[in-house]
Amino acid sequence: SSNMGVSGLGSMSSIAVSYGENGPVFCGLSSDGSHLVACFGADASIVYGAPLRLPLLGLTAGDGFVCGLLLDTGQPYCWGSNIFVKMGVPQPMAEGASYSEISAGDDHLCALRKPAIDSRKGASLIDCWGYNMTASHEFDGAVAAITAGSVFSCGMFIHNRTAFCWGDETSSGVISLTPRNLRFQSISAGGFHVCGILENSQVFCWGRSLETQQLSLGHGDVKMVPMDPMVSVAGGRFHACGIKSLDHKAVCWGFMLQNSMPPPKDSRLYEIAAGDYFTCGVLAATSLRAVCWGTGVPWSIPMAVSPGICASNPCGQGYYEFSHTSLGNKVCKPADSRVCLPCSVGCPEGTYESTPCNLTSDHGCEFNCSSCASVECSSFCSSQKESKSKRLLSLQMPIFIAEIVFAIIFVSSVFLVACLYARHRLQSCRCLESAVTTSRKRTYSFHKEMVKVGPDLEELKIRRAQMFTYGELEKATSGFSEESLVGKGSFSCVFKGVLKDGTVVAVKRAIRVSDVKKNSKEFHTELDLLSRLNHAHLLNLLGYCEEGGERLLVYEFMAHGSLYRHLHGKDLCLRKRLDWVRRVTIAVQAARGIEYLHGYACPPVIHRDIKSSNILIDEEHNARVADFGLSLLGPADSSSPLSEPPAGTLGYLDPEYYRLHYLTTKSDVYSFGVLLLEILSGRKAIDMQFEEGNIVEWAVPLIKAGDISAILDPVLKPPADLEALKKIAAMASKCVRMRGKDRLSMDKVTTTLERALALLMGSPCNEQPILPTEVVLGSSRLHNKASQRSSNRSCSENDTDDQIYEYRAPSWITFPSVTSSQRRKSSASEGDAEGKNSEGRSLGHGGAGDGLRCLEEEIGPASPQENLFLQHNF
Ligand SMILES: Nc1ncnc2c1ncn2[C@@H]1O[C@H](COP(=O)(O)OP(=O)(O)OP(=O)(O)O)[C@@H](O)[C@H]1O
């Protein structure tokens, strides 16, 4: 018994889609076994509010919000914004309650309590929160699964597999239509309907939103419920989709808006989830990528998602255990859990079942080659013949090789014996010496060859980056023409190009320099680094070319250029269009990219050249951190310094680094602090137009004096409430502290920025702790818009206290406390930063601390007159 394969408007799944006035969002649990969620789409409150560090068992989504079931505690956790559902852990909730499943409707969430049945009462408990639904329900008998529609919810009993529904009958009209005698394998609710898979795998739907009367909604088609057997269904607002048992392809029915995208024709799917007018699914291919169809689908989803929810029970009959060739079986964290997927039923016409569905794989279907009637069959059978003969050849091959090897060994042994005999006979022969020399020579040349193997192996490491020929890139950029030139750096030119397959790329071409060796090293550093790093806010390297003296890097093309161009370009409109929310969003995204470099890449990476021209903006206005040419792999312990000659850009350069060559991740924090000041003020890092040419020297005293308005970019109207920008400014001044140890760490910076963004967007701050200490359940309190708003407003003030970050979750941006290993580096540095400037304290790293203390007064921020030696990534 399982509820697998059911994911409707709000059933629990490894993927969830939210909809509503802020736009569509796709969220999915990563396929790497971390159980962590990532969200992509239009609604910033969901995308940036996702609890990036809390492992979740499953997801569900409603109008403007997404909820996950916490893997460790079995509590629901919601993020996004919906005035009827409290974000964080929904309130009121019974103390210590733990749930096995959650399911969200438009404006409510229901959760099935663990254990499935109360042994004393023989009843199951389902708790709901949200619009007209906040109550605790008791049902006689164990419940197998729950699902939520627009203003109602349904469940299915384990013992007789019948469905039951409750909620607002007047507006849903679903409850009274619930069939009493039908037995289901699974059910899924949509807007005002429910579809279930019967025991014979046929679909049965009830309710009113799938019917022809909905034609009055606008132009579109109404399709009948198909007769095909299905393995899973998902209900949208006026439609439902299912995965067919036969071929695992998606099919949809109900009302479809005109011009809405059809489901993918040729792709098999694992899991589906429906939003209001669209549906998304996980591709049953090695990529495990998600695809969406319908109307108003979320943006592209650059992640591999788990194909289902991890279950602790062994897979039942009719299910097989998912295993991924390259992932092993790492989709699930608890060792004894697994994703169970439904077996396909039947084989397409003209084929027969060649292998049955077993514990580890779905069944296989093959054409019957003795009676071929279709073209597909003929081509399949002829390819089979070919592969059979190849197989035969491959079986014979090892025997052939073994024979040759045996012959060689035999001949060499005979030769060796003959030589030894000859040597024995000619002991006084003087040619021995020269023989030794030759043999030494041979050994040497062999070694040389071994050494040569090194770089080849190195090259093999560059897995993801594709190698291009110079000709290909020349063609892509119309011969590196003037028209294709999009930017110039100190040592490179960047061209826009279009590859053969139509991909738009940026080709970075080194200005030819004589010191090829040094540049080659840096070239390979960047290649190696970029190909190993992977984060939504880092600029992806697509490929490279190294031919003769030419070195070219091929990146994704960033349609909106650099942040520098937006802030300091000639076009003032561009600068004005970058309003406060956009600026802070860019800062959050860039911070996340850098935090990844510092905390998640192993070993840690220090960027060394954070600046506004290295923050690029993509088509969807997301920020990407670029230019890792100067990156160095950092020490595993971020506080131990690397002694490196300084490289970077004037104005952004950490004083500790350029004076002492003392390089840690805190050098990037300094540069990021400068970047934040730049974003807030619209001033360049160094601008000699002003009396105070260095942005740090100018801004920090003003911030410390509390005069935040004096530093804000004059081209923008200050926001109504300055609190968010004040927080950012205060934090920026902590980032540019003289001593690295006194600066914040990047994860702290990200957290503060996220919180500031929430404040700026007028999001209510929630006083509730992540794990509530006192909760009451059962008050059928109807949340009301006005009261909710006023309570929201009153609580947004006093959250400046740093400690609050660790314990409290605001309503839509979450700041969960993380595990010690995740914050391995920051915890040490945090202590340092918070334990502020305790001058007498030991700095913990031998002489380095003392050296710093002596030099503290001596060091000042980079002055524009300073003549620095700057390296570059070419
Ligand atoms: N992937 C890209 N897509 C679009 N434009 C890009 C891309 N990469 C770089 N650019 C543009 O080209 C310009 C030059 O980039 P480049 O990385 O060569 O130098 P830089 O970082 O600006 O300066 P420096 O070389 O001094 O560090 C950038 O400022 C940006 O406007």
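Which residues in α11 meet which residues in α13? Before selecting them, keep in mind that this is a predicted model, in which local features need pLDDT of at least 70, side-chain atom pairs count only at pLDDT 80 or more, and totals for chains, interfaces and linings use all residues. Residues are numbered from 1 along each chain as its sequence is written.

**The helix pair.** Select residues 665-681 for helix α11 and 723-735 for helix α13; helices here are DSSP runs of H or I with at least four residues, strands are E runs of at least two, and both are numbered from the N terminus. Val 669, Tyr 670, Phe 672, Gly 673, Leu 676, Leu 677 and Leu 680 in α11 meet Leu 725, Ile 728, Ala 729, Ala 732 and Cys 735 in α13, where contact requires C-beta atoms, placed from the backbone, within 7 Å. By class, this contact has 11 nonpolar, one polar and no charged residues; Ala, Val, Leu, Ile, Met, Phe, Trp, Tyr, Cys and Pro count as nonpolar, Asp, Glu, Lys and Arg as charged, and the others, Gly among them, as polar. The helices pack at an angle of about 145 degrees with their axes 8 Å apart, the axes being lines fitted to C-alpha atoms over the stretch in contact and the angles running from 0 to 180 degrees between N-to-C directions.

**The ligand shell.** Next, show the 25 residues around the ligand, of which Gly 487, Gly 489, Ser 490, Ala 506 and Ser 613 come nearest; a residue is near if its C-beta atom, placed from the backbone, lies within 6 Å. This shell divides into 11 nonpolar, nine polar and five charged residues.

**Two hairpins.** Finally, select β12 (152-157), where five of six residues are buried, that is, with 20 or more other C-beta atoms, placed from the backbone, within 10 Å of their own. β12 forms a hairpin with β11, with three residues between them, and another with β13, with five residues between them and Arg 161 in the turn at a positive phi of about 55 degrees.

How values were computed. Contact = placed C-beta atoms within 7 Å. Buried ≥ 20, exposed ≤ 12 C-beta atoms within 10 Å, placed from the backbone. Pairing = 2+ DSSP bridges.
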